[in-house]
Amino acid sequence: MFSVFSRAGRRGRRSAARLAAAALVSALAATGVISGTGPAFASDGTKEPGGASATIGGLETYGAAVIHDGEGDERVSAGLFRMTVDGGGMLQTYCIDIHNPTQTDAKYQETSWSGTSLGGNADAGRIRWILQNSYPQVNDLAALARKAGAGSLTEQDAAAGTQVAIWRYSDKADVEAVSPAAEKLADYLQKSARALGEPEASLSLSPAAVSGRPGERLGPVTVHTNADAVSVAPPAGATAAGVRVVDKDGKPVISAADGSRLFLDVPESADAGSAELTVQASTTVPVGRAFASETRSQTQILAGSSESTVAATATANWAESGAVPALSARKNCAKSGVDITAVNKGDEPFTFALMGERYTIPAEASRTVTIPLQEDQAYDFTITGPHGFETRLRGVLDCRTVAEAMTSADQGLTTQTTTQPSPASVGGTGAGTDLAETGSSNATPVIAGIAIGLVVLGGVALVLVRKKKAPTEGE
């Protein structure tokens, strides 16, 4: 959202922390502190296991809207963004989190609702209905205008009215379109919307990490996609020599479809090592998919997609003996943290330390633990294990809109901060607390972080480091 404000200084109270943090996170990324290249196959644990990756441009079709609240009015631009997909393709998106700025050329990744503010929003399904029943999915503007009682609609009116309706559900904002026709459309969409389910990912692999022993088929890794077919790349990695991607019968696989179960066939003579399984396809991304950025740029929701390149990657680790771990992670906004799933296919326990806690995964067992984080907190740490195993977890927890965060602050909720440095590497194989006993982590929310922003008295931001008409449903 690009905004023109009617009152100087209004943004300072609302989102000074986010603006300052965005600048710091971008600077850190540029210097490699956050997004620098790690060791081979040190996976970014909280990146979605697949889908479209894209770079946002600017607003391409938009009108004007006015946000009303107790402090007065602010005039904003409202409409469609264009995003360029890595590998080919274009996306059209509307934004959510009305008070958070959009960073030009920010990188975005297709993600599930659970990793964004939509995960805790009971009206997220109504937003999807709006997307499916308005512009640009419905490009017969005369028909759309008749339904809305709007007289006539320009593309700018249609985009602005649709965005306004979305904001009323994504941010619970008191917002109206400047154009009377766009406002009519917004009212119609808001009143007509009903809940739809979350769309499936364009392409993903599950699980995102597997492990085992040489001489075995590691997996299965299941393909989930709306594409007719996906291409399967040969296993990549310094230790992947002789490793093949096969089906359950051991036959080599070079293409797959939705529901295909893939395995990595590791030679019995292979030394301990790891490899990546990568699949790619060309498809349209489902309307309603969320797109999130780790540079604190405003979350987007998909309104339209051309044929686009999508990809997904899973990792595999193997060793003859000892602990043989596989780790994957996903943001869990419902629990305000990151879920880490650890699987140990070895014959000895795997123990790792994280944020002052130690966790043990018995042989031939798996556990999931939630690491609590604070809103807008950046984190960057690495879990290591035997045989050179290493997984890096990094990102920013962005689960609430600015309005929700400010409401919490206004109600007297405080944010704990930390001056602890982020651990560069954590791990080991010593004795520790079994996850079966502890359940989720009891680690304090004072997490070793590299980004938290606070707005203090006087509006000063103290930042510690923070990082046509298509067929429709329900019409």
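Helices are DSSP runs of H or I with at least four residues, numbered from the N terminus. Helix H5 is one such run, and Pro 180 lies in it. The model described here is predicted. Its chain has 475 residues, and buried residues make up 53% of them. The secondary structure comes to seven helices and 29 strands.

**Helix H5 and Pro 180**

- H5 covers residues 180-192, which makes 13 residues.
- From its first C-alpha to its last, H5 reaches 18 Å, close to the 18 Å expected at 1.5 Å a residue.
- Is Pro 180 buried or exposed? Its relative accessibility is 64%, and exposed means over 50%, so Pro 180 counts as exposed.
- Pro 180 and Gly 151 are 29 residues apart in sequence. In space, their C-alpha atoms are 9.6 Å apart.
- H5 also has buried residues: Ala 181, Ala 182, Glu 183, Leu 185, Ala 186, Tyr 188 and Leu 189.
- An α-helix has 3.6 residues a turn, so residues three or four places apart point the same way.
- What covers the buried residues of H5? The cover includes helix H2 (124-132), helix H3 (141-148) and helix H4 (155-170). Strand E7 (175-177) is also included.

**Helix H4**

- H4 is one of the elements that cover the buried residues of H5.
- H4 has 16 residues, and 14 of them are buried, so the helix is largely enclosed by the rest of the structure.
- At 1.5 Å a residue, H4 should span 22 Å. Its end C-alpha atoms are 22 Å apart, which agrees.
- Lys 172 follows H4 and has a positive phi, near 55°.

**Strand E17 and its partners**

- Strand E17 takes in residues 300-305. Five of its six residues are buried, and the strand is mostly covered.
- Strand E5 (residues 90-95) is joined to E17 by five bridges, and the two run antiparallel.
- Which residue in E17 is the bridge partner of Tyr 94? The partner is Ile 301.
- Cys 95 has a relative accessible area of 1% and is buried.
- Strand E16 (residues 290-292) pairs with E17 as well, in the antiparallel sense, over two bridges.
- Phe 291 stands opposite Gln 300 in E17.

**The four-strand sheet**

- Four strands form an open sheet in the order E8-E10-E14-E12, with antiparallel pairing.
- Strand E8 (203-206) and strand E12 (244-246) stand at the edges. Each has a single partner strand, so one side of each is left without a neighbour in the sheet.
- From one strand to the next, the twist of this sheet averages 30°.
- E12 and strand E14 (residues 261-265) run antiparallel and are joined by three bridges.
- Arg 244 has Asp 265 in E14 as its bridge partner.

**The three-strand sheet**

- Another open sheet has three strands in the order E19-E20-E23, also with antiparallel pairing.
- Its edge strands are E19 and strand E23 (365-372), and each pairs on one side only.
- The twist here averages 20° from one strand to the next.
- Eight bridges pair E19 with E20 in the antiparallel sense.
- Gly 337 in E20 is the bridge partner of Asn 332.

**The disulfide**

- How many disulfides does the chain count? The count comes to one.
- This disulfide joins Cys 333 to Cys 399, with 2.1 Å from S to S.
- The link of Cys 333 and Cys 399 is left-handed, with -75° about the S-S bond.
- Cys 333 lies in the loop between strand E19 (325-332) and strand E20 (337-344). Cys 399 lies in the loop between strand E25 (390-396) and helix H6 (402-410).
- The pair therefore ties together parts that are 66 residues apart in sequence.
- Both Cys 333 and Cys 399 are buried.

Conventions: Residues numbered from 1 in each chain as written. Predicted model: local features only at pLDDT ≥ 70, side-chain atom pairs only at ≥ 80, totals over all residues. Heavy atoms only, no water. Buried < 20%, exposed > 50% of the residue type's maximum accessible area, 1.4 Å probe, protein only. Pairing = 2+ DSSP bridges. Expected span 1.5 Å × (residues − 1). Contact = heavy atoms within 4.5 Å. Disulfide = S-S within 2.5 Å. Axes fitted to C-alpha atoms, helices over the stretch in contact; angles between N-to-C directions.
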